[in-house]
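Work through the exercises below in order, keeping the sequence and the 3D view at hand. Each task is followed by a solution that goes step by step.

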Amino acid sequence: MASITIEAITKTFGAVPVLHDIDLSIGDGEFVVLVGPSGCGKSTLLRMIAGLEDITAGEIRIDDRRINEVAPKDRDIAMVFQSYALYPHMTVADNMSYSLKLRKTAREKIAEAVGAAAGKLGLDPLLARRPKALSGGQRQRVAMGRAIVRHPKAFLFDEPLSNLDARLREQMRAEIKRLHKSIGATSVYVTHDQIEAMTLADRIVAMHGGIIQQVGNPLDLYDRPANLFVAGFIGSPAMNFVEGHCRAGVIETTDGSKVAIPEGIHLTEGQAVTIGIRPEHVRIVAGSEAGSYTARVDLVEPTGFGTIVHVRLLGQDLKIYTLERGVAVVGQPLHIALDSTRLHLFDRETTNRIG
Amino acid sequence: MTSFSAAAPPNGDRRTPMQRLAARLEPWLYSAPVLILIVAIMLVPLALGVSYAFRDIKLLNPFSGGFVGLKHFRELASDSAFRGALINTLWWTFSSVILQFLFGLILALLLNQPFKGRALAQALCFLPWAVPSFLSGLDWAWMFNPVVGPIPHWLYALGIMSEPSNILSDPKTAMWGPIVANVWWGIPFFAITMLAALQAIPKDLYEAAEIDGAGPIERFRSITVPFLAPTMAISILLRTVWIANFADLIIVMTNGGPADRTQIVASYIFTQAFRRLDFGYASAIALVLLVLLLAYSMLIVVLRQTMLSRH
Ligand SMILES: Nc1ncnc2c1ncn2[C@@H]1O[C@H](COP(=O)(O)OP(=O)(O)OP(=O)(O)O)[C@@H](O)[C@H]1O
Ligand SMILES: [Mg+2]
């Protein structure tokens, strides 16, 4: 187990810059999730930690040892690939013991380590099979097993669950979390699925365009997104954004409606802002009340547990997530209240959070 | 269609025997044109050629053509030139195939590395394949000729030869001339097939192995070789059969000489048929070669099957 320090890392492919000045320190035993849209450079950063891409500028340290020039095999890390990358010509047991064999580990020790890992992951009945004869979920487990037999200093995961169907992904997600709790090894996990990020992470690193947007624990990112990108990326259904300007002490939206400025926030007259409202924080109220709005229901999407209601409000297709059933009927008016404590305000020019 | 009728209820086939026969024949009638074509193009010439082996066919003798039974084969059994040709064939085939394969594999591995101008290098490396075999035979014959070619002088300068002479006229070394030409000419075939197979290997396997602690040699042994093995087997099989039959370079460069030292079975057939005009005897030799190559092919196919089923 170890800590990983990433300092001023930059990466360019030829002339194309992919990562800009990344700083991140990952504590001993911490589970850090790198999350962001496709192409933002998550995999590249992970592969630089693994030693599969060279580092254009900056430094990566594992336990205070600079590893920029260290070969992947000497970094003492294990990686789980999106495609699993199992050796097709070897049995499950051979796949798992390959790294130990190359390290000239004693035979009894190998058998013991493979047995323990197989037991943890429920692979015992599959040890003699080849990867071709396994289901996707079983392959995934073998890939995990291959990583844990070695007791590496850190685990690196590159979208390990994205080839699984939704149910299996949920199950494996819980299993990875349990595994991390029992092994406690430092882990860096790449995903573009924000639910995976929220559920697994001790700390989330949200990336966009090769730049770290925000680092924090999952609920911090949910409660206080640092900018428009994080606000829109974390949370499902996604946050509503309403554009407006500060006029005479209130925010006037594009359709002329007025939204009160939350307490403790100071805006300059005429400042362009974006209001963020999570669908689950829009309240449906019984009747017209002070500060409430009335809107016509556009679309109703029941998800089983709750319902997503689309209304036309503040010049916007506004989504509302409610747990009550039958409150919204398409074409009927709906009374809506916005809690000013639940509003997020962003400066439209810098896209950063205000307050 | 057949599976449908097979699945019909057991009590149910109410068709007349004529109708059933018609249903049976229907697919054959549809495929008849192609079947007739295949039989006419492939099987008839083969059968004719085989029949020549048991007949006395000499082009210069108008009264020949009668059935002679196994006479040609009895002659063959005591034909020392044929026995020499068999041994030469083994030598010619296996050294050509092994060298072509080794150099082809090395070339493919090199071309699989990313470097600047790789596309151009690939195109250039595949050029020999496009040269007509007769032209490359002539080319190499001249290169080995001390009067016009540089190779004897280089070998002399390196101290390998005591004087710049033509290796093609020395019975001890003559076979190496066509073999070298053949290797040069055949490397691209292996390089192309191996490169295609190499490019089909997922890159992340190598990365996983690198992290697992495998060095370049270990990665080659445990990933590249198992992935290439089926391709290697099938391409070596094809090339072996093909080269054993391939007399162009030998005919052009040495014509079987000196003293029959480069005579392979295929060139011996050519000599019998077109120099001595004894088509019957030539067909008998061809038949023996066919049987030998068939046996060899079966062996390799069985080997490949067992290898594939192990994976
Ligand atoms: N070998 C390469 N050469 C050139 N550009 C590359 C190379 N590898 C990645 N890139 C570029 O770097 C950027 C980041 O790639 P990366 O694979 O890190 O994205 P990612 O965040 O993992 O995306 P995804 O979620 O789709 O896997 C992309 O724009 C990609 O096109
Ligand atoms: Mg990726």
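**Exercise 1.** Find the elements of chain B that each supply at least two residues of the lining of the largest pocket, and then describe that lining.

Solution. Begin with the elements, which are α4 (80-111), α9 (203-212) and α10 (216-244) of chain B; helices (H or I, at least four residues) and strands (E, at least two) are DSSP runs, numbered from the N terminus. The model is predicted, so local features need pLDDT of at least 70 and side-chain atom pairs pLDDT 80 or more, while totals for chains, interfaces and linings use all residues. Residues are numbered from 1 along each chain as its sequence is written, chains are lettered from A and ligands numbered from 1 in the order written, and side-chain values use heavy atoms, without hydrogens and water.

Next, look at the pocket itself, an open set of points on a 1 Å grid over the protein atoms alone, with protein on both sides within 12 Å along at least five of seven lines, whose lining residues have an atom within 4 Å of a point. Its lining is made of 14 residues, and those that lie nearest its centre are Asn112(B), Gln113(B), Pro114(B), Lys203(B) and Tyr206(B). Sorted by class, the lining has seven nonpolar, three polar and four charged residues, where Ala, Val, Leu, Ile, Met, Phe, Trp, Tyr, Cys and Pro count as nonpolar, Asp, Glu, Lys and Arg as charged, and the others, Gly among them, as polar.

**Exercise 2.** Which residues lie nearest the centre of the largest cavity, and how is its lining divided by class?

Solution. A cavity is a set of grid points where a 1.4 Å probe fits but cannot get out. For the largest cavity, 13 residues form the lining, and Phe155(A), Phe157(A), Leu179(A), His180(A) and Ser187(A) are nearest its centre. Turning to the elements, α4 (136-148), β7 (154-158) and α5 (166-183) of chain A each give at least two residues to this lining, and α5(A) gives the most, with four. By class, the lining holds 11 nonpolar and two polar residues, with no charged residue.

**Exercise 3.** Describe the lining of the second largest cavity, and name the elements that give two or more residues to it.

Solution. From chain A come Ala78(A), Met79(A), Phe81(A), Tyr87(A), Ala143(A), Arg146(A), Ala147(A) and Arg150(A), and from chain B come Ala208(B), Ile211(B) and Asp212(B). The elements that give two or more of these residues are β6 (77-80) and α4 of chain A, together with α9 of chain B.

**Exercise 4.** Which side chains make the contacts with oxygen atoms of ligand 1 at 2.5 Å and 2.7 Å?

Solution. First list the shell, whose residues have a heavy atom within 4 Å of the ligand: Phe13(A), Val18(A), Ser38(A), Gly39(A), Cys40(A), Gly41(A), Lys42(A), Ser43(A), Thr44(A), Glu159(A) and His192(A) surround ligand 1. Helix α1 (residues 42-50) of chain A gives the most to this shell, with three residues. By class, the shell has three nonpolar, six polar and two charged residues.

Then examine the polar contacts, which are pairs of N or O atoms within 3.5 Å. The side chain of Ser38(A) places an N or O atom 2.5 Å from an oxygen atom of ligand 1, and the side chain of Thr44(A) likewise has an N or O atom 2.5 Å from an oxygen atom of the ligand. For Lys42(A), a polar side-chain atom lies 2.7 Å from an oxygen atom of ligand 1.

Conventions
A polar contact is a pair of N or O atoms within 3.5 Å; within protein, one must be able to donate a hydrogen and the other to accept it, and residues adjacent in sequence count only if both atoms are side-chain atoms.
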